[in-house]
Amino acid sequence: MEERVLSKKKNGMAALCGILLLYVVSVIGIYWGAVYAYSIIIFASIFLIVVATILLPGLKVLKPQEALVLTLFGKYIGTLKEEGFYFVNPFCTSVNPAARTRLNQSGDVNDSVSVIANKAAGVNMEAYNNKISLKIMTLNNNKQKINDCLGNPIEIGIAVTWKVVNTAKAVFNVDNYKEFLSLQCDSALRDIVRIYPYDVAPNVDTTGDGVSDEGSLRGSSEIVATRIRKEIQKRVEDAGIEVIEARITYLAYAPEIAAVMLQRQQASAIIDARKMIVDGAVGMVEMALERLSENHTVELDEERKAAMVSNLLVVLCGNRDAQPIVNSGSLY
C-alpha cells in the first residue's frame, strides 16, 4: 500500500467562513420568511442549514506530528500529515484501527487519561482518536521467561523506541499496528535470546560462523540489543513502522534457578580468587628462596627448603591469620 500525502487542502479557514456565512444567511432568511410569510424563503433557509451542517465535519485540524488517514466510501484517498487547518470531503472518514489500543508505552498513557476526561465531560473524541501519532514512541513490553541456549530459564524485558513512517501500511496492511508491533517484539526477543547463554560459556557459537566465542546476554548486551532491533525491524517493515532502538531493561535468572545459579557464581568466584592467591603465594616463595640464595643469608638443604615452602604457603594461602611458633633453640 503506497502512501498518498494530501498537502493541497489547507483551506479550512475559508471553508469555515463559508459555513458560518451559510448559517447567518439561513437565520436571516428564516426571520424574513416568517415576517413576510414567504414559505419558499423559509424552506430554502432550512436547506442551507442542512448543507452547512453536512459540510461542517469536513473541517480537520492537525497538530505537529499527527496524521489522518482518509477513506471515501471504503476507498483510500490519501493522508493528511502536515499541521494545519484542512477542509476535505465531508463524507470522508478517518481510519485508525489502533485508536483504542492501550499498550504499556509512552503516549498511550496521556492519551487514555485525556480520553477518559473528555468522555466524563461529554465530549465526542472519535475524530481525535482516529489521528495517528507520528511521534517517537517507546514500547515497554512485559518481562518474558525464555530459555537461553543452555536451557537455563531467564527473565528478560526490553524497551523498543519506534515511530510510524508509512500511515497507509500501518492502517491497511495489518489489523492493528500497535498489537502487531508488540507481538513481533516478543517473537523477535525469543528468537535472539535463544542464541545466547546468560553468561559466557565454553563451546557456544553465537555469531553463526562455526567458531566458539564469548558472546553472552550479560556481557554483550549492546550486540544483543542491536540484533533484536534488526530482527524486529525486519518483521514490522510491512506495517510501516521504523524501529529506532531496542534496549534490554531487565535481565535475571528465573526465580526457580536464581539461588542455584548464585551459588554457582559464588563458587566460581571463590575458585578464581583461590587460584590468584596460590599464584601470588608461589611467586612470593620463589622470590624469597632466590633472595636467600643470592645474599647467602642462610644455607638451607632440600629438607629445610621444603619445610620453609610449606610454612610460607600455609601463611600466605590460609583463610585466617597464622599463629607462628618461635623456635628459640637450634634450627637442627
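Biologist: Why does Tyr76 count as buried?

Modeller: In this predicted model, the relative accessibility of Tyr76 is 8%. Buried means under 20%, so Tyr76 counts as buried.

Biologist: What makes Phe172 partly exposed?

Modeller: Phe172 has a relative accessible area of 32%. Partly exposed covers values between the 20% limit for buried and the 50% limit for exposed, so Phe172 is put in that class.

Biologist: How many aromatic pairs are there?

Modeller: The count comes to five aromatic pairs.

Biologist: Why is the pair of Tyr76 and Phe172 called edge-to-face?

Modeller: The ring centres of Tyr76 and Phe172 are 5.3 Å apart, and rings pair if their centres lie within 6.5 Å. Their planes stand at 65°. Planes over 60 degrees apart count as edge-to-face, so that is the name for this pair.

Biologist: What makes this pair a link between distant parts of the chain?

Modeller: Tyr76 belongs to strand E3 (residues 75-80) and Phe172 to helix H5 (residues 167-172). The two residues are 96 residues apart.

Biologist: How do you know that Trp162 and Tyr177 form an aromatic pair, and of what kind?

Modeller: From centre to centre the rings of Trp162 and Tyr177 are 6.4 Å apart, and the limit is within 6.5 Å. The angle between the planes is 70°, and over 60 degrees counts as edge-to-face.

Biologist: What does the pair of Trp162 and Tyr177 tie together?

Modeller: Trp162 lies in strand E9 (residues 153-164) and Tyr177 in helix H6, so the pair ties together parts that are 15 residues apart in sequence. Trp162 and Tyr177 are buried.

Biologist: Which other residues of H6 are buried?

Modeller: Among them are Lys178, Leu181, Ser182, Gln184 and Cys185. Ala188, Leu189, Ile192 and Val193 are buried too.

Biologist: What makes Asn176 a cap of H6?

Modeller: A side-chain oxygen of Asn176 lies 3.2 Å from the backbone nitrogen of Lys178. A polar contact needs N or O atoms within 3.5 Å, and this one caps the N-terminal end of H6.

Biologist: How does the span of H6 compare with the expected one?

Modeller: H6 (residues 177-193) has 17 residues and reaches 24 Å from its first C-alpha to its last. That is close to the 24 Å expected at 1.5 Å a residue.

Biologist: Where does the charged end of Lys143 sit?

Modeller: It sits over the ring of Tyr250, 4.1 Å from the ring centre. The distance limit is within 6 Å.

Definitions and conventions
Residues numbered from 1 in each chain as written. Predicted model: local features only at pLDDT ≥ 70, side-chain atom pairs only at ≥ 80, totals over all residues. Heavy atoms only, no water. Helix = DSSP H or I, 4+ residues; strand = E, 2+ residues; numbered from the N terminus. Expected span 1.5 Å × (residues − 1). Buried < 20%, exposed > 50% of the residue type's maximum accessible area, 1.4 Å probe, protein only. Polar contact = N/O pair within 3.5 Å; in protein donor to acceptor, adjacent residues only side chain to side chain. Phe/Tyr/Trp six-rings, centres within 6.5 Å; stacked < 30°, edge-to-face > 60°. Lys NZ or Arg CZ within 6 Å of the ring centre and 35° of its normal.
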